[in-house]
Amino acid sequence: MSDAPLETLLRPFDQGLLPLPTATQRGLVLRARRHRLWRHLPAEALTLTQPFKPAADELQADGWQVADEQQALQDGPWDLILLLPPRGREEARALMARAVSALAPQGRLIVSVANNEGAKSVQTDLERLLGSVASDTKNKCRVLWTPPRERLNLDAETAAAWSAQSELRTQTQTGLWTRPGVFSWQHADPASNLLVAHLPTDLRGHAADLGAGTGHLSIELLQANPGIVSLDAYEAQQQALEPLQRNLQPLQRDTHIHWHDVESGLPSRYDVIVMNPPFHAISRDGRTDIGLRFIEVAAGALKPRGRLLMVANRHLPYEESIRRLFPRVAVLAEAQGFKVLHAWRE
C-alpha cells in the first residue's frame with residue numbers, strides 16, 4: 001500500500017539523518033494513516049491519532065489504539081512528534097503550533113507533505129514559526145524536521161495566534177459554530193443552501209443526516225418539519241462533533257450525534273435521509289465512489305416508504321445510481337452547478 005507522504009515522513013531515519021527513536025522515548029503520530037511502516041518504530045512507545053473515522057477504523061483493524069488528538073497533545077511532553085498535516089492551512093498551522101508546544105526539551109517535530117498538497121507553504125509556515133528547519137525531498141514530497149525544542153527560535157506570538165485557530169468560532173453567514181478542518185467552515189455551502197431551499201415540509205418519522213458537518217441541513221430539516229420525531233447526525237470528521245453538538249442543542253429536539261463512517265453502513269433504519277455527500281477523503285483527489293456508496297447505504301437504510309433528499313455537483317454520476325435503486329426520482333432544482341434530487345419508494 002503506497003502512501004508517499006507517509007513513507008517520506010520516515011526518510012530522516014532511513015537516511016541516518018536522525019537516530020531512530022527508542023522504546024523509552026515517547027512518540028506521537030498526528031493524523032496517522034494505515035501503513036506497514038509503523039511497525040518499524042517501537043510500538044510500545046508510540047501513540048497514534050486520526051480524527052477521520054474511516055482512517056481511524058483502518059488503524060484499529062491493524063491492532064493500533066487510536067488516541068483522541070486533543071487529549072494526546074495535552075498528554076505531552078513528547079520526545080518525537082510526527083505529523084501528516086491536513087489540507088487546510090489554518091488547521092495545519094494550529095496543529096503545528098500545538099505540536100511544538102507539546103515537545104519535550106530534546107523533542108523534535110517531523111512533518112511530511114506532498115508537493116502538490118502545499119509542501120512549500122508548510123515549509124514557509126514552519127520557518128516563520130520556528131526560524132529554520134531541515135528538509136529533504138523524495139517521492140514528490142518534502143519532509144521537514146526541527147532541532148530539539150530547547151534550541152528552537154520559537155515565535156511565541158505567532159504560536160499563540162496559530163494555536164487559537166483551532167478553537168470554535170461562529171460562521172458569519174449562518175451563525176453556526178464551526179472551526180477550521182470542518183467542511184465549509186468559512187462560509188455557507190451553496191449546495192447545502194440549494195437543498196435547504198427545496199426541502200419538503202411534510203416529512204415525518206425518524207430522520208438521518210449523512211455527513212452532517214456542523215448541522216446546517218439537520219437544523220433546517222427539523223425546523224421545516226415538526227413531524228420529524230428524532231434525528232441521527234452522522235459525521236466522520238471528529239473536529240465537527242463539538243460544533244455540531246452546540247448547533248443542535250438549542251433546537252431542544254431528539255437528536256443524536258455519531259462519529260461514524262457512513263460507508264460502513266448504518267445501524268438503524270429511517271423514514272427520511274438528507275445528505276450532501278463528500279467527494280474528498282484525506283487527499284485532494286476527487287472520490288465519486290464515496291457519494292455512490294452514500295447512496296447505496298441510504299437506500300439500504302430507508303424504510304419501505306422512506307424518502308431521500310440529496311444535493312451534489314451536477315457533473316457527478318449520482319443520478320443513474322439513484323434511479324437504479326429507487327423507483328421514483330424527482331429533480332427538485334438545478335442551479336449554480338448543483339442538482340437537488342428527491343427519491344422515494346411508494
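Glu242 and Arg246 form a salt bridge, with their closest N and O atoms 3.7 Å apart; the term means a side-chain nitrogen of Lys or Arg within 4 Å of a carboxyl oxygen of Asp or Glu. Both residues lie in helix α10, residues 241-248, four residues apart, about one turn of the helix. Helices here are DSSP runs of H or I with at least four residues, strands are E runs of at least two, and both are numbered from the N terminus. Glu242 is partly exposed at 38% relative accessibility, and Arg246 is partly exposed at 36%. Buried means under 20% relative accessible area, exposed over 50%, and partly exposed in between, with a 1.4 Å probe and protein chains only.

This is a predicted model, where local features need pLDDT of at least 70, side-chain atom pairs count only at pLDDT 80 or more, and totals for chains, interfaces and linings use all residues. Residues are numbered from 1 along each chain as its sequence is written, and side-chain values use heavy atoms, with hydrogens and water left out.

The salt-bridge count comes to 16. Next, Arg31. Its salt bridge with Glu69 has the closest N and O atoms 2.7 Å apart. That pair links distant parts of the chain, 38 residues apart: Arg31 sits in the loop between β1 (27-30) and β2 (46-49), Glu69 in helix α4. Arg31 is buried at 9% relative accessible area, and Glu69 is buried at 5% relative accessibility.

Arg31 also forms a salt bridge with Glu91, at 2.9 Å between the closest N and O atoms. Glu91 is in helix α5, 60 residues from Arg31, and both are buried.
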